[in-house]
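The following note records several points on the sheet and on the charged side chains. Please read it alongside the coordinates.

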Amino acid sequence: MEEKHFVCIECPRGCMLTATFKDGAAQVRGNMCPRGKKYAEAEITEPRRVLTSTVRTAYGLVPVKTNGEIKKTAIFDVMKKIRAAYIDRRLDLGDIAIADADGDGVDVISCGRSSD
């Protein structure tokens, strides 16, 4: 049985959660709302994160982020793709910089505009 303790980040309450994983099922204690339970279950079974970084373009660095959550285990692989990327066109807010960066359909998108 695996047990983890952490603070919920789903709302300003910051509930102290205890999640246990036993026999393929997650059990959560300490949540004050259903969002906390869902968050804890995801954290103990398959944690995911939104990744932010910058990508090199012909017009300088541009801030980027994933347009969805990626598996925490995929962060280093996606960062390798971001570091290796060089975009020779201007990026506008929301443009896709790297399509399907994680292999699960999550893109890396621009959070800003390329400089002139």
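1. Asp104 has a relative accessible area of 49% and is therefore partly exposed, a class lying between buried (under 20% relative accessible area) and exposed (over 50%), with a 1.4 Å probe and protein chains only. The model is predicted, so local features need pLDDT of at least 70 and side-chain atom pairs count only at pLDDT 80 or more, whereas totals for chains, interfaces and linings use all residues. Residues are numbered from 1 along each chain as its sequence is written, and side-chain values use heavy atoms, with hydrogens and water left out.

2. Asp104 takes part in a salt bridge with Lys71, with 3.7 Å between the closest N and O atoms; the term denotes a side-chain nitrogen of Lys or Arg within 4 Å of a carboxyl oxygen of Asp or Glu. Because Lys71 belongs to strand β7 and Asp104 to the loop between β9 and β10, this pair ties together parts that are 33 residues apart in sequence. Strands (E, at least two residues) and helices (H or I, at least four) are DSSP runs, numbered from the N terminus.

3. Lys71, itself partly exposed at a relative accessible area of 27%, also forms a salt bridge with Glu46, again with closest N and O atoms 3.7 Å apart. This second pair links distant parts of the chain, 25 residues apart: Glu46 sits in the loop between α1 (34-45) and β4 (48-49), and Lys71 in strand β7 (residues 70-71). Glu46 is partly exposed, at 35% relative accessibility.

4. Which residues make up the network of salt bridges? Glu46, Arg48, Lys71 and Asp104 are linked in it. The structure holds 6 salt bridges, one of which joins Arg49 to Glu43 at 2.7 Å, N to O. Of these two partners, Glu43 counts as buried at 12% relative accessibility, while Arg49 is partly exposed at 29%.

5. Turning to the sheet, 5 strands form an open arrangement of mixed pairing, in the order β8-β5-β6-β10-β9. Its edge strands, β8 (86-87) and β9 (96-98), each pair on one side only; pairing requires at least two bridges found by DSSP between two strands. Helix α2 (residues 75-84) packs on this sheet and touches β5 (52-57), β8, β9 and β10, contact being heavy atoms within 4.5 Å. The direction of α2 makes about 25° with that of β5; axes are lines fitted to C-alpha atoms, for helices over the stretch in contact, and angles run from 0 to 180 degrees between N-to-C directions.

6. Strands β6 (residues 60-66) and β10 (residues 108-110) run antiparallel and are joined by 3 bridges. Val64 stands opposite Ser110 in β10.
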